Amino acid sequence: MTEPSPRPVHATTGGQPEEADRLRDILRAPGYLKVLALASLIGIPVSLIAFWFLVALHKLEHLLWDSLPQGLGWEAPPWWWPLPLLLIAGIAVGLVAAHLPGAGGHIPAYGLHSGGSSSAVLPGVVIAATASLPFGAVLGPEAPLIALGAGLALLFRDLTQMPATAQTTVLLTAAGAAAAIAAIFGNPLIAAVLLIEVAGVGGPRLFSVMLPALLSSGIGALVFTGFGRWTGLETGSLALKLPGPLPHLDVGDVLWTVPIALVLALFLHPLMATGGRAAGYISGRVLPRTVLCALGAAACIALYALVTGRSPTEAALSGRAALGELAADPHAWGVGALIAVLLAKGAAYALCLGSLRGGQVFPALFLGAAAGVLLAPLPGLGVVPAMAAGMAAATASTMRLPVSSALLVVLLLGSTAMMPVVILAAVTAFVTTELLPLGPVPPTEPEAGPEAQARSRP
């Protein structure tokens, strides 16, 4: 990308151009305008591909957890159902991690990031996500979508023969990732804000990176919405349908928010650390140890179903569907079931974080909501404020992206009525998590097996 011509330096800035002048120079650069134009075009194909990818995952999940058990004569999946499905997931992801470039995408225990993507890793990302998410991994689709969108953006850049500079790589991967992630969150703003915090950049560079991301995700959201209506297909609704209107906050709701956030941060931090340790354990012998961790997660899910007599789907999968059911009728869950799902899904979540492929967001949302419903009988605390605080605290603690976490929960609720407790919970959980001991340090790039590494050498 062509660098902007130098501008006069203002004497009052100590030898550095003023921030406004630096941003103006970036926007005037011909190369940047070309990237902005390409970003607007990238949003269309990336969003269409992300749409079909999510539809395929949704249909496969329905087939494996609804249609197939019913076809075999069960009204709901039996307690042992997760064992064979997650065995298949472990074998498939282990083979991808050992043999394909990019190891199937980044390890979810190490958090979201948009770096390290390329068109070469796309097959592994798609296969690993398809083998993980519909087969019961306690993970969400957001991380594979980020990798998919970023890789597709670079593929389209190569097809248009745009120069492959470091700057175009950063800008287009952000644009592609935002366009894809907007498909699952249903809102281009949360996609842009999420990429702001994931990228971790500031100043003029922040705006230069986020303008293509916002433009691409906005156009992608328009395409996604219209295309969903035309085809009659859907990937599952993210918005929660709460019983009745949102209540007004009172003093008790606000006072209980800080303890709820502290408890959730202390509960989820060791789960994330366990996920990091599982990832380190798997790196020695990828295939057998991936299978072992996947079976461990399946055992936790099966044990939940066996002990409670409830469906294993509540402890398996990302938790999107179960979150909607919990929000619509929180009183349908007894205290024992809530404690059991927190323990079982939490343990399975930790094992999946280190072994399979997916994202952290949706399981964290469900765990936070379940903890909120469990704690709602506390004096002066309402169910909806408790759920809102729990979801905000859980996502901020796991993702360590407080602004994105707060915005996501507000969008889920469809109202700003819970905004004070959401922000307070997100900030409290984030600060608490940052003050706790650090977990395992992630590698700079996803590790691949010897065969994949050998093929990637020049």
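Me: What should I know before I start?

Reply: This is a predicted model, where local features need pLDDT of at least 70, side-chain atom pairs count only at pLDDT 80 or more, and totals for chains, interfaces and linings use all residues. Residues are numbered from 1 along each chain as its sequence is written, and side-chain values use heavy atoms, with hydrogens and water left out.

Me: How many helices and strands are in the chain?

Reply: Helices (H or I, at least four residues) and strands (E, at least two) are DSSP runs, numbered from the N terminus. The chain has 17 helices and zero strands.

Me: How do I read the packing of α2 and α5?

Reply: Axes are lines fitted to C-alpha atoms, for helices over the stretch in contact, and angles run from 0 to 180 degrees between N-to-C directions. Under 35 degrees is roughly parallel, over 145 roughly antiparallel, 65 to 115 roughly perpendicular, and the rest oblique. Here α2 (residues 30–71) and α5 (residues 142–159) pack at about 135°, with axes 10 Å apart. The pair is therefore oblique.

Me: Which residues make the contact?

Reply: Contact means heavy atoms within 4.5 Å. On α2, the residues include Leu38, Ile42 and Phe53. On α5, they include Leu145, Gly149 and Arg157. Ala, Val, Leu, Ile, Met, Phe, Trp, Tyr, Cys and Pro count as nonpolar, Asp, Glu, Lys and Arg as charged, and the others, Gly among them, as polar. By class, this contact has 13 nonpolar, one polar and one charged residues.

Me: How many disulfides are there?

Reply: A disulfide is a covalent bond between the sulfur atoms of two cysteines. The rule asks for a pair of cysteine sulfur atoms within 2.5 Å. The count is zero. Cys300 is in no disulfide. The sulfur of Cys352 has its closest cysteine sulfur in Cys300, 8.9 Å away, so the two are too far apart for a bond.

Me: Is Cys352 buried or exposed?

Reply: Buried means under 20% relative accessible area, exposed over 50%, and partly exposed in between (1.4 Å probe, protein chains only). Cys352 has 0%, so this residue is buried. Across the chain, buried residues make up 52% of the 458 residues.

Me: Where do Ala327 and Thr308 lie?

Reply: Ala327 is in helix α11 (residues 320–328). At 1% relative accessibility, Ala327 is buried. Its C-alpha is 9.9 Å from that of Leu413, 86 residues apart in sequence. Thr308 belongs to helix α10 (residues 286–308). At 26%, Thr308 is partly exposed.
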